[in-house]
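The following report describes selected features of a protein model, with the criteria behind each term.

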Amino acid sequence: MVAPGGNNHAQLFAQTCTLRIRQRHSLDFSIEFSTSPLRAAVIIALIFMRFRGPAGPTGQRRNYSQTTVNTYLKVVEDFARHFGRSPDKRAYPVEEVPYPRAPRRLPIILTREEAIRLIDSASNLFHRAMLITMYSTGMRRAELCRLKVEDIDSTRMLIHIRQGKGGKDRDVPLSPKALETLREYWRWMKPQTYLFPGTVNGSRADKPITPKVLWEACREAAQRAGITKAVRPHLLRHSFATHLVEGGADLPTVQALLGHVDLKPTSIYLHLSERHLRAAGTPVDNAELSSPDQVKRSRRLHKR
């Protein structure tokens, strides 16, 4: 088995370069995939990891972010470790390996009251500043981690998000309430380059925080707020978008604020908006139906 590590990443890239997986509607995975706890994650990784070969990360075919590349590599490494051998030691019937059909589930969101309670329950000012920034802007986790002090434009009341997903810049509104928290936070933390600096050997350093810090902030605040939902950073993004739609924002505006390339992923928030669901009504709302207490019962439910 190829030992996981930085120098072996190129080998893992090369080992997966021959996989060309075409669409299949079946879910009949190979024995290894069906018995492995890493089944779905590995198949997804193998589908998307299409690299040139020994050149490794420097020669990857698709322009993935480094975070995505590292995630896929980690999945394949875990897969190899699970079976005690590298992924290229079996002649997989590549043409018969299907794309997994992932169930389409609506994301869980926080209510407005829960979102405010989450922010108020932050364990410290550092966590509060991150949570209110994320909920008030809907930015992605990685975007928040890379946010710089100079990106906060209090004159125009905007936050500049630079090099977001797809390498695109965008501006989002800066909430006065978020600015109030950020000013208090800046007076205390005095960050230099990155708005939310990370640590080196337990001391603050001029480097971005890791995503783990934001996850921990969400987990601790949710626990203190008594929220039983699985609160993750992306949940705040979903909640931001849904609450905008409920407040009357149109989909193109929400699309622009979220940084979506097209409208399709944004339209999911219509399905989450209570205002839109209630406004749609149902076909029987205005129907003239007889009273249900006059309808014959089929049988007695209890003996007399």
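Cysteine 218 is buried, at a relative accessible area of 0%, and cysteine 145 is likewise buried, at 5%. Here buried means under 20% relative accessible area, exposed over 50%, and partly exposed in between, with a 1.4 Å probe and protein chains only. A search of the whole structure finds zero disulfides, a disulfide being a pair of cysteine sulfur atoms within 2.5 Å.

This is a predicted model, in which local features need pLDDT of at least 70 and side-chain atom pairs count only at pLDDT 80 or more, while totals for chains, interfaces and linings use all residues. Residues are numbered from 1 along each chain as its sequence is written, and side-chain values use heavy atoms, with hydrogens and water left out.

The largest nonpolar core has 49 residues, and Leu118 and Phe196 have the most contacts inside it. Such a core is a set of buried Ala, Val, Leu, Ile, Met, Phe, Trp, Tyr and Cys residues joined through side-chain atoms within 4.5 Å. Helix H6 (residues 125-137) gives the most to this core, with seven residues; helices (H or I, at least four residues) and strands (E, at least two) are DSSP runs numbered from the N terminus. Not counting residues up to four places away in sequence, phenylalanine 196 touches, among others, Phe126, Ala129, Met130 and Thr133, where contact means heavy atoms within 4.5 Å.

The axes of helix H5 (residues 112-120) and H6 come within 8 Å and cross at roughly 155 degrees. H5 is therefore roughly antiparallel to H6, a label for angles over 145 degrees. Axes are lines fitted to C-alpha atoms, for helices over the stretch in contact, and angles run from 0 to 180 degrees between N-to-C directions. The contact involves residues including Leu118 and Ile119 of H5 and Leu131 and Ile132 of H6.

Strand E4 (residues 197-200) pairs with strand E5 (residues 203-208) in the antiparallel sense over three bridges; pairing requires at least two bridges found by DSSP. Proline 197 has proline 208 as its bridge partner in E5, and threonine 199 stands opposite arginine 204 in E5. Two residues lie between the strands of this hairpin.

Technical notes
Angles under 35 degrees count as roughly parallel, over 145 as roughly antiparallel, 65 to 115 as roughly perpendicular and the rest as oblique.
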